[in-house]
Amino acid sequence: MFCGTPSYMAPEIVVKKEYRGSSADIWALGVLLYVVLTGVFPFKGHTDKELYQKICSADYPKLTGVSRQSEHLIECMLTVDPDRRITAEQVRII
């Protein structure tokens, strides 16, 4: 049974692959950070299918008006490949 907000779903969840909770949580935190800094969600679509396509390709508007460090952190958090996505320990260091 699906439960949650699609806008926060990591690509591996969208395509129904097995996933590690920590990697999916980092993605969701990246979405949240984007929203906090910009006031809008990074991924939008007129349909769920369009939304999911944007999530799976990390197709979001580039950040403007934020520090390069914040931009870099979000890029690392919204990395499609969960094996290449930044970890919670790495987030602490940045």
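Predicted model: local features only at pLDDT ≥ 70, side-chain atom pairs only at ≥ 80, totals over all residues.
Me: Where does glycine 21 lie?
Reply: Glycine 21 lies in helix α2. Helices (H or I, at least four residues) and strands (E, at least two) are DSSP runs, numbered from the N terminus.

Me: How many helices and strands does the protein chain have?
Reply: The protein chain has five helices and zero strands.

Me: And how compact is the chain?
Reply: Its radius of gyration is 13 Å, close to the 12 Å that the globule rule gives for 94 residues, so the protein chain is as compact as a globular protein of that length. The radius is taken over C-alpha atoms, and the globule rule is 2.2 Å times the number of residues to the power 0.38. Of the 94 residues, 32% count as buried.

Me: On to the rings: how many aromatic pairs are there?
Reply: A search of the whole structure finds four aromatic pairs. Rings of Phe, Tyr and Trp (its six-membered ring) pair if their centres lie within 6.5 Å; planes under 30 degrees apart count as stacked, over 60 as edge-to-face and the rest as tilted.

Me: Which kind of pair do tryptophan 27 and phenylalanine 43 form?
Reply: Tryptophan 27 and phenylalanine 43 are stacked, at 5.6 Å centre to centre and with 10 degrees between the planes. Tryptophan 27 lies in helix α2 and phenylalanine 43 in the loop between α2 and α3, so the pair ties together parts that are 16 residues apart in sequence.

Me: Buried or exposed, those two?
Reply: Both tryptophan 27 and phenylalanine 43 are buried. Phenylalanine 43 also forms an edge-to-face pair with tyrosine 60, at 5.7 Å centre to centre and 80 degrees between the planes. Tyrosine 60 is buried as well.

Me: Which residues make up the ring cluster?
Reply: Ring pairs link Trp27, Tyr34, Phe43 and Tyr60 into a cluster.

Me: New topic: how many salt bridges are there?
Reply: The count comes to six salt bridges, each being a side-chain nitrogen of Lys or Arg within 4 Å of a carboxyl oxygen of Asp or Glu.

Me: Which residues are linked in a network of them?
Reply: Arg68, Glu71 and Glu75 are linked in a network of salt bridges. The closest N and O atoms are 3.5 Å apart between glutamate 71 and arginine 68, and 3.7 Å apart between glutamate 75 and arginine 68.

Me: Why does glutamate 71 count as buried?
Reply: Glutamate 71 has a relative accessible area of 19%, so it counts as buried. Glutamate 75, at 28% relative accessibility, counts as partly exposed.

Key:
Residues numbered from 1 in each chain as written. Heavy atoms only, no water. Buried < 20%, exposed > 50% of the residue type's maximum accessible area, 1.4 Å probe, protein only.
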